[in-house]
Amino acid sequence: MALQKNNRTLTLLCWVMCVYNVQAYIDGLYCGKENCYDILAVTRDSTKGEITKGYRKLARQWHPDKHKTEEAKKVAHEMFQKIGNAYEILKDDAQREDYNYMLDNPDEYYSHYFYYYQHRLAPKVDIRIVIAVTITIVSIIQYFGAWNNYNSAIDYLCKDPKYRARAIDTAVKEKLLNNASNKGKSRRIKIKEDEEQVIREVIESNMDIRGGYQKPKYTDVLWIQLIFLPYYIVLYMIWWLKWTWKFTIMRTEYGEEEKYYLIKKYMKYGKTQWDAIEDYDKENFLNLELWKKENFKEWKAQQDEEMKAKLAESARYKSYRRYMKKGGPGQISFGPE
């Protein structure tokens, strides 16, 4: 009786082990119903070098070109693909770790699908390289775009009669223009080109172009800004601590720089917008004491009222208001009234 009971227990254990082994391999994942280690004739304890050595040996043995008949080539081709797939899984540390986890935890069915396709569908290029290339492209576009804006501004000033006349007067005073006699067509063309170049250089050296059309600096490029970001953060923290101590705790009076900072903050202007404002306008802001929030609110309300009055007198704005009153974009129009 005891022997029969032991036989039943042994049979049950064998059945459980068979079920365990079947469940350990999932068709469609990794090496399917076969063990990747067995395919390459290695063990789980084999090193990466031993796995590579086993793969090369089997790849030479099962290469389709080494077989003559069509049937042999077909069998070799299937085996060669199977060997290559097993090697691709076991040579990668992350995939090998996931595969070992599947062998040890066959019951976690859905997680094995996730880990498998996570590696299969993940981009092959390092994400850091993608980010670096993207930042580089943005930096190049940003830099050359800024130069294009600057050159467009200079071209406009060179063609504008007012600025062109001033540049010519400056060039004449500084004796930069060539007053040689115009002999021959090619000579006149050359002198004309030289004059245009002199006018452009005079405008570039004397005009203070600000805002989005100012001369680009390498420090404005995204790559440089990211590199120096930690340095800027440290500077900001130091500045914030000094500001808090000096003006919040010690109640020291604001200097001119601090007043300009508060005005720029209330106006919600960036550095480029603030630099585009003329110096006399900035001095007027100081005279109006706009660094005080109450004064700024009054000034802003007054500016808004003046803008509304200008818009009310504008024929285009009146037409727009009639358009919106009649239904806006949803109305049917057959042309101007």
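Colleague: Where is the place of Arg251?
Modeller: Arg251 sits in a loop, between α11 (229-249) and α12 (256-267). Keep in mind that this is a predicted model.

Colleague: What is the phi of Arg251?
Modeller: Arg251 has a positive phi of about 60°, although it is not a glycine.

Colleague: And is Arg251 buried or exposed?
Modeller: Exposed, because its relative accessible area is 67%, and the cut-off for exposed is over 50%.

Colleague: What about Ala41? Which loop is that in?
Modeller: Ala41 lies in the loop between α2 (36-39) and α3 (48-61). Ala41 is not a glycine, yet its phi is positive, about 60°. Its relative accessible area is 67%, so Ala41 is exposed.

Colleague: New topic. How many disulfides does a search of the whole structure find?
Modeller: The search finds 1 disulfide. Cys31 and Cys36 form it, with their sulfur atoms 2.0 Å apart.

Colleague: Is the link of Cys31 and Cys36 right-handed or left-handed?
Modeller: Right-handed, with 110° about the S-S bond.

Colleague: Are Cys31 and Cys36 buried or exposed?
Modeller: Cys31 is buried, and Cys36 is buried too. Cys36 also turns up in the largest nonpolar core.

Colleague: How many residues has that largest core?
Modeller: It has 21 residues. Those with the most contacts inside it are Tyr30, Cys36, Leu40, Ile89, Leu90 and Tyr99. The elements that give two or more residues to this core are α2, α3, α4 (70-91) and α5 (93-104). The largest share, 5 residues, comes from α4.

Colleague: What is Ile89 in contact with?
Modeller: Leaving aside neighbours within four places in sequence, Ile89 contacts Tyr30, Cys31, Cys36, Gln95, Arg96, Tyr99 and Arg120. Both cysteines of the disulfide are on that list.

Colleague: What about a second core? Which residues does that one include?
Modeller: There is a second, separate core of 14 residues. Among them are Tyr260, Leu262, Phe296 and Trp299.

Colleague: Let's switch to Arg200. Which helix is Arg200 found in?
Modeller: Arg200 is in helix α9 (residues 185-206).

Colleague: Why does Arg200 count as buried?
Modeller: Arg200 counts as buried because its relative accessibility is 19%. The cut-off is under 20%.

Colleague: So what does Arg200 touch?
Modeller: Not counting residues up to four places away in sequence, Arg200 touches Asn151, Ile154, Asp155 and Cys158. The side chains of Arg200 and Asn151 are joined by a polar contact of 3.3 Å. Cys158 is buried, because its relative accessible area is 7%.

Colleague: Where does UniProt place the "transmembrane region"?
Modeller: UniProt places that feature at residues 222-241, in an unreviewed entry. In the model, that span is 95% helix and 0% strand. Its end C-alpha atoms lie 27 Å apart.

Colleague: Last thing: confidence. Where is it lowest, and where is it highest?
Modeller: The lowest is helix α1 (residues 2-24), at a mean of 46, and the highest is α11, at 94.

Conventions. Residues are numbered from 1 along each chain as its sequence is written. This is a predicted model: local features need pLDDT of at least 70, side-chain atom pairs count only at pLDDT 80 or more; totals for chains, interfaces and linings use all residues. Side-chain values use heavy atoms; hydrogens and water are left out. A disulfide is a pair of cysteine sulfur atoms within 2.5 Å. Buried means under 20% relative accessible area, exposed over 50%, partly exposed in between (1.4 Å probe, protein chains only). UniProt positions are given in the numbering used here, feature names are shortened, and annotations may be inferred rather than shown by experiment. Helices (H or I, at least four residues) and strands (E, at least two) are DSSP runs, numbered from the N terminus. pLDDT is the predictor's confidence in each residue, from 0 to 100. A polar contact is a pair of N or O atoms within 3.5 Å; within protein, one must be able to donate a hydrogen and the other to accept it, and residues adjacent in sequence count only if both atoms are side-chain atoms. Contact means heavy atoms within 4.5 Å. A nonpolar core is a set of buried Ala, Val, Leu, Ile, Met, Phe, Trp, Tyr and Cys residues joined through side-chain atoms within 4.5 Å.
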